[in-house]
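Reader: I am new to reading protein models. Can we go through this one together, by question and answer?

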Amino acid sequence: MAQHADNAYYVPHATRWPIVGSLGMIIMLASAAYWLNGASAARWSFLLGVAILVFMVFGWFGQVIRESERGVYNEQVDSSFRLGMAWFIFSEIMFFACFFGALFYARALVVPWLGGEGSGAATNEYLWPGYVPHWPTNGPGEVGGDFQTIPAFGIPFVNTLILLTSGVTITLAHHALKAARRTPLILWLAATVLLGLVFVVLQVEEYLEAYQVLGLTLGSGIYGSTFFMLTGFHGLHVSLGAIILLVIMLRSMRGHFTPDSHFAFEAAAWYWHFVDVVWLGLFIFVYVL
Amino acid sequence: MSSIAAHESDALRMPDAQADHKPHGFLDRWLFTTNHKDIGTLYLVFSLLMFLVGGTMALVIRAELFMPGLQLVEPDFFNQMTTMHALIMVFGAVMPAWVGFANWMIPMMIGAPDMALPRMNNWSFWILPFAFAMLLSTLFMDSGGPAAGWTLYPPLSLQTGPSFAFVVFAVHMMGISSIMGSINVIATIMNMRAPGMTLLRMPLFVWTWLITAYLLMAVMPVLAGAVTMLLTDHFFGTSFFNAAGGGDPVMFQHIFWFFGHPEVYIMILPAFGVISEILPTFSRKPLFGYAAMVYATASIAFLSFIVWAHHMFTVGMPLEGELFFMYATMLIAVPTGVKVFNWVSTMWKGAMTFETPMLFALGFVVLFTIGGLSGLMLSIAAADLQYHDTYFVVAHFHYVLVPGSVFALMAGTYYWLPKWTGRMYSERWGKTHFWLSAIFVNVLFFPQHFLGLAGMPRRIPDYSPQFADFNQWSSIGGFLFGATQLIFVGVIVHCVWFSRKPARARVWESARGLEWTVPSPAPYHTFAEPPDIDESMVVHADEVSH
Amino acid sequence: MNRANTVIITLAVLAAVAAAFWLLLAAPALTGNEINMPVGVTAQSAIHYELHMVILKICVVIGVLVFGAMFTSIVLHRKSRGHRPAEFSHNTSAEIVWTIIPVLILISMAIPATTALVKMEDASGADLTIKVTGFQWKWKYEYLDEEVAFISALSADSNAARQLRSGIDPATVDNYLLDVDHPLVLPVGKKVRFLITADDVIHAWWVPDFGWKRDAIPGFVNEAWTLIEQPGTYRGQCAELCGKDHGFMPIVVEALPEPEFQAWLAAQKTRSQAEAQTVASEWTTDRLLERGRAVYATHCATCHQEDGGGLAPAFPALAGSPVSTGPLQENIRVVLEGREGTAMQAFGDLLSATDIAAALTYTRNAFGNDTGDVVQPRTIAETTQH
Ligand code: HEA
Ligand code: HEA
Ligand code: CUA
Ligand SMILES: [Cu+2]
């Protein structure tokens with residue numbers, strides 16, 4: 001139908017990528033499980049699974065990109081993609097909301113209860129005598145030992161500026177794309193990717209400092225748990241976003257996208273903005289407050 | 001991988017996609033398909049299989065509980081059965097079955113050529129068999145499968161042996177599958193409706209699924225987060241659920257039920273939709289209060305986000321918390337009541353006939369309401385201090401799930417089976433299936449109310465002899481109910497392969513809706529060109545215009 | 001599909017309704033089985049029972065009305081009777097009515113429900129405080145300020161009968177699964193405050209006759225209270241899945257009149273003092289082994305099994321275990337401190353020095369572990385003091 005009616009919805013007729021993806025996924029996750037259980041040889045099959053998944057992503061998206069460039073997608077297909085991407089991002093937001101929820105719950109309720117506030121008087125008296133609630137904390141059992149926190153206005157603040165700037169550069173790239181000015185498009189994209197990379201590098205730096213100098217680890221009680229889970233998943237998303245943007249940049253260099261049809265670019269930009277906004281939440285609730 | 005590259009151009013070379021080309025090879029047809037009907041079939045077959053597997057586990061439970069004393073299994077294996085039974089029924093049977101219905105029916109009901117994202121559609125199905133293979137494989141590991149209940153409460157779940165990581169990853173995979181499935185449903189409904197199919201003209205099944213998809217999008221990631229925290233607590237020394245580190249085991253319960261409560265509505269809202277399709281057809285009368293039904297569904301969905309802690313009345317929440325969650329939970333009775341009353345009013349002064357789908361729908365209305373009313377009793381926090389974690393709760397949720405969701409699935413299957421296969425099923429066996437199911441499901445679950453009130457806790461492999469009689473009834477009911485489901489399998493097999501009676505396009509004389517305007521069996525591709533919607537085709541045009 | 005059906009359906013409905021009511025009223029008498037919530041023996045339990053009955057009745061009435069309307073329609077408005085379908089599809093006033101009325105019903109339920117909950121909350125002014133700790137799979141009771149504490153586990157009879165294919169008919173065992181070795185003894189007519197917590201996983205303390213259950217959560221203390229009005233023995237069970245023997249950790253409360261309770265308490269204190277004195281004395285190997293066998297059976301065998309063979313892979317065998325046959329100090333440490341994050345609990349908090357010494361002596365000399373070691377209670381007491 002793609003051929004004979006311009007406005008017909010494009011329905012592909014078969015696809016092998018999903019099953020490849022499922023195989024990759026099961027190999028990756030089953031290996032991860034074996035690995036966690038101590039079978040360290042499973043890390044090789046884990047990598048194999050990851051490789052298959054990456055292969056699948058390239059194959060699948062490559063196919064979509066070729067179809068897109070051939071113009072078989074109409075506006076309605078475009079709109080499906082938009083809805084799909086928007087809701088995917090929504091699901092990611094809920095994933096982070098879960099960890100933020102844990103942070104708020106622990107900090108606003110659990111720690112005070114352990115310290116005897118509210119309904120926790122008996123808890124404190126009989127189980128954790130002497131524990132004074134405070135934040136950051138590794139709990140009354142001082143799990144993971146002494147630690148110090150990362151000051152908000154060091155690397156984290158720099159990283160905030162970096163991500164905010166990258167939000168601007170991606171928008172500038174978008175303007176360039178809409179104005180059909182390819183060179184600035186590529187340059188602004190390159191700047192965004194670069195900022196993303198710097199962010200990740202600084203984040204790694206911060207982690208090293210936390211582990212080696214501050215004694216702050218994933219095992220540092222509830223503070224360490226929420227801190228590393230939130231910033232860690234965020235860091236993963238930045239890395240992923242940077243890779244996506246890199247692909248978009250390479251595609252732009254190949255002459256993909258037109259001023260009025262560039263959904264992939266927009267999807268990447270949405271994703272980047274989402275990562276950005278999550279960081280703002282992190283910066284405020286994890287570092288500053 | 002050149003074959004993949006060669007393959008991709010097929011789609012483009014296909015001269016006329018509207019012709020009824022089914023792919024030829026078995027693998028091409030089922031493994032690589034992007035066709036919503038094929039994928040729907042895959043989902044339905046898979047979920048039927050899982051229903052049988054999960055049901056068999058239920059029968060292990062019922063067999064051990066047939067009389068006091070341990071006769072068949074060790075307590076730990078019993079707990080594995082309870083846990084796996086629930087995980088499989090919830091994530092493997094009921095949820096995928098509804099996705100199967102969505103795949104088959106939504107495009108046909110809104111005049112779309114297919115789902116909005118057909119390739120992803122294939123993937124969201126093909127993750128599931130792998131996820132469940134991994135989940136089921138844990139039963140064969142040395143340490144056995146998960147045994148901490150489907151709710152996976154820590155710290156108990158953290159005592160699970162090597163199978164733990166597999167379980168967590170299986171749950172992740174199910175979540176990914178559900179998220180992709182619901183993205184597809186949302187995109188299809190929002191983007192693929194034929195011109196003229198306005199939102200308030202959509203069949204209720206489409207409406208309920210749209211809202212279900214929103215629920216799924218909001219809560220599946222939260223479940224993924226919750227099990228991820230379990231994983232890191234188990235393997236990486238985090239303290240989310242450990243008081244010594246400043247965490248709290250109860251925090252898991254809050255997160256889990258933030259997912260879990262909407263989850264139970266995920267299983268029931270599409271059921272409401274199917275029932276709202278079937279009752280008007282066999283009452284020969286338009287659905288009563290279409291708009292109210294839509295608003296009620298939306299209200300239930302909204303409320304479902306703020307009632308989760310009614311599963312936790314005994315954890316020692318502050319009083320204000322208990323009161324808030326009690327009131328919010330009670331409120332759900334209002335929109336649900338609107339639905340029940342509207343269904344009864346749909347039947348009122350109709351001209352009813354009682355084909356199998358209608359029988360299951362009527363069974364649904366009665367038995368779901370019983371389950372809903374016991375739910376309301378549970379929501380009364382002070383009384384729940386007694387009911388909680390007893391068989392009264394087990395009775396409640398099986399009433400809403402088995403003669404609720406599962407009966408609605410069966411009603412829908414009988415209703416649309418002729419459309420799917422092009423042949424009529426055996427009405428006589430269908431009715432037999434209904435009557436036996438309706439009787440035995442009550443023998444199975446009604447006595448559990450008594451057991452719970454008399455003090456039998458749930459999740460126990462053995463009990464004091466005072467509970468023996470009703471457990472025996474329940475087990476007998478369970479075995480007979482299970483055996484009855486073989487009739488269901490038989491009716492389907494007969495209809496698909498052996499029935500000689502062709503089905504008309506409009507299978508039921510007064511059925512309305514676009515799916516009845518296409519031939520039976522529905523051609524491989526339908527509505528490649530959007531249909532012209534005229535008033536007679538859509539279900540609800542009349543009411544909305546006033 | 002006409003007259004006959006009508007009759008059948010009407011009869012079936014009537015029969016079902018009648019049967020349900022009959023069951024509700026007559027079943028206890030007929031089968032000897034209780035089918036309703038107990039009224040219980042406290043004011044609170046009576047309140048919860050009343051609340052339960054009120055909402056149950058309201059729900060039954062709602063059910064009868066809704067199903068009555070539905071079945072009337074099923075009987076009257078059927079095609080086979082030649083009924084012509086009406087056309088209506090909404091009726092705003094009816095819809096408003098059946099939104100408002102349920103709201104009113106709910107409000108009428110919410111009021112007593114709220115008062116009941118508020119009453120439950122107030123644990124102040126208690127005469128006696130008991131700390132209850134859930135362990136896999138037994139309860140520890142501590143009479144705070146009274147220096148009395150003990151462990152309460154499934155009674156030996158029930159425990160023997162409940163083994164897989166034990167060959168013992170549960171009906172022959174008194175209070176099968178609802179009996180313990182050391183019941184909790186409480187005074188009648190006094191407000192007793194409970195501090196409920198757990199050591200390993202979540203449990204829930206529930207005696208139906210008191211009208212409530214409360215979760216026992218490791219790391220947190222939940223408060224609850226009761227005021228028992230009648231002397232008697234009240235039985236309940238752990239009500240939160242806590243692992244393989246969740247079904248086998250009952251609760252038994254013996255409620256005694258105040259004087260008898262005081263006498264019991266005094267006896268208890270003397271006993272524990274006497275017990276403390278024996279710690280210092282030298283025990284013979286035979287006495288230690290004998291006592292050890294008993295301690296092992298009640299406290300260790302659920303996990304490590306009667307024959308010391310364990311339950312692979314979760315519960316290691318003690319027979320031939322490198323710990324049970326290795327250096328004594330390490331063995332003492334494992335038993336006293338447990339193993340963090342596993343079901344192996346810190347028995348130092350749970351058993352007396354004598355019991356631990358006995359268990360150690362036994363496990364180091366039974367199941368073919370012939371280390372010949374004899375562990376004196378004194379040794380354990382000294383270790384725990386440091
Ligand atoms: C399809 C699934 C489903 C559905 C639809 C429901 C519906 C409801 N459930 Fe249920 N529930 C479960 C599945 C479901 N539940 C499961 C699986 C569990 C246990 C999980 C576990 O622990 O493993 C559970 C447990 C559960 C609990 C926790 C019990 C405990 O553990 O102590 C509670 C407590 O409030 C509850 C309440 C309700 C309520 C108020 C509704 C309401 O939505 C019901 C509304 C319907 C009606 C009330 C009937 C129709 C209305 C009328 C006829 C109008 C007039 C009525 C009045 C004015 C009263 N449910
Ligand atoms: C959609 C969900 C769903 C469904 C459909 C069911 C269906 C059934 N459930 Fe289950 N159940 C749950 C969800 C569900 N359940 C949940 C969430 C729990 C809580 C778990 C927890 O505590 O963690 C639970 C717990 C649960 C318990 C309590 C266990 C415990 O507390 O220890 C029991 C006990 O009777 C039970 C029984 C049954 C039975 C007999 C059926 C029957 O309806 C099943 C009927 C189907 C079949 C029997 C299979 C079909 C037939 C064959 C395979 C043919 C062969 C059979 C014969 C020849 C007889 N279920
Ligand atoms: Cu302890 Cu269940
Ligand atoms: Cu709920």
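Author: We start with a definition: donors are N, O and S atoms within 2.8 Å of the metal (3.2 Å for Na, K and Ca), and water is not among the atoms, so sites may look incomplete. This is a predicted model, in which local features need pLDDT of at least 70, side-chain atom pairs count only at pLDDT 80 or more, and totals for chains, interfaces and linings use all residues. Residues are numbered from 1 along each chain as its sequence is written, chains are lettered from A and ligands numbered from 1 in the order in which they are written, and side-chain values use heavy atoms, without hydrogens and water.

Reader: How far apart are the iron atom of ligand 1 and the copper ion (ligand 4)?

Author: The iron atom of ligand 1 has a single protein donor, His396(B), through NE2 at 2.1 Å. Helices (H or I, at least four residues) and strands (E, at least two) are DSSP runs, numbered from the N terminus. His396(B) sits in helix α14 of chain B. From this iron atom to the copper ion (ligand 4) the distance is 4.5 Å.

Reader: How many residues apart in sequence are the parts tied together by His261(B) and His311(B)?

Author: Buried means under 20% relative accessible area, exposed over 50%, and partly exposed in between (1.4 Å probe, protein chains only). His261(B) is buried at 4%, while His311(B) is partly exposed at 22%. His261(B) lies in helix α8 of chain B and His311(B) in the loop between α9 (290-304) and α10, so the pair ties together parts that are 50 residues apart.

Reader: What is the arrangement around the iron atom of ligand 2?

Author: Its protein donors are His85(B) and His398(B), each through NE2, at 2.0 Å. Four donors count as tetrahedral if all angles lie between 85 and 135 degrees; four count as square planar and six as octahedral if opposite donors are over 155 degrees apart and all others between 65 and 115; anything else is irregular. Here 6 donor atoms subtend angles of 88 to 179°, so the arrangement is octahedral.

Reader: How much area do chain B and chain C bury between them?

Author: Contact means heavy atoms within 4.5 Å. By that rule, 100 residues of chain B and 94 residues of chain C take part. Buried area is the accessible area (1.4 Å probe) that two parts lose on being put together, summed over both. For chain B and chain C, 71% of it is on carbon and sulfur atoms, and the total is about 8200 Å².

Reader: Which residue of chain B forms a salt bridge with Glu240(C)?

Author: A salt bridge is a side-chain nitrogen of Lys or Arg within 4 Å of a carboxyl oxygen of Asp or Glu. The rule finds 2 of them across the interface of chain B and chain C. In one, the closest N and O atoms are 4.0 Å apart, and the partner of Glu240(C) is Arg459(B).

Reader: Which backbone oxygen does the side chain of Lys244(C) reach?

Author: Lys244(C) lies in the loop between β9 (232-237) and β10 (250-256) of chain C. At 9% relative accessibility, this residue is buried. Beyond its neighbours within four places in sequence, its contacts include Pro75(B), Asp76(B) and Trp137(C). At 2.6 Å, its side chain reaches the backbone oxygen of Thr302(C).

Reader: How many salt bridges are there between chain C and chain A?

Author: The contact takes 8 residues from chain C and 8 residues from chain A. Together they bury about 700 Å². Gly219(C), Phe220(C) and Val221(C) supply 61% of the area that chain C buries there. The salt bridge count is 0.

Note on methods. A polar contact is a pair of N or O atoms within 3.5 Å; within protein, one must be able to donate a hydrogen and the other to accept it, and residues adjacent in sequence count only if both atoms are side-chain atoms.
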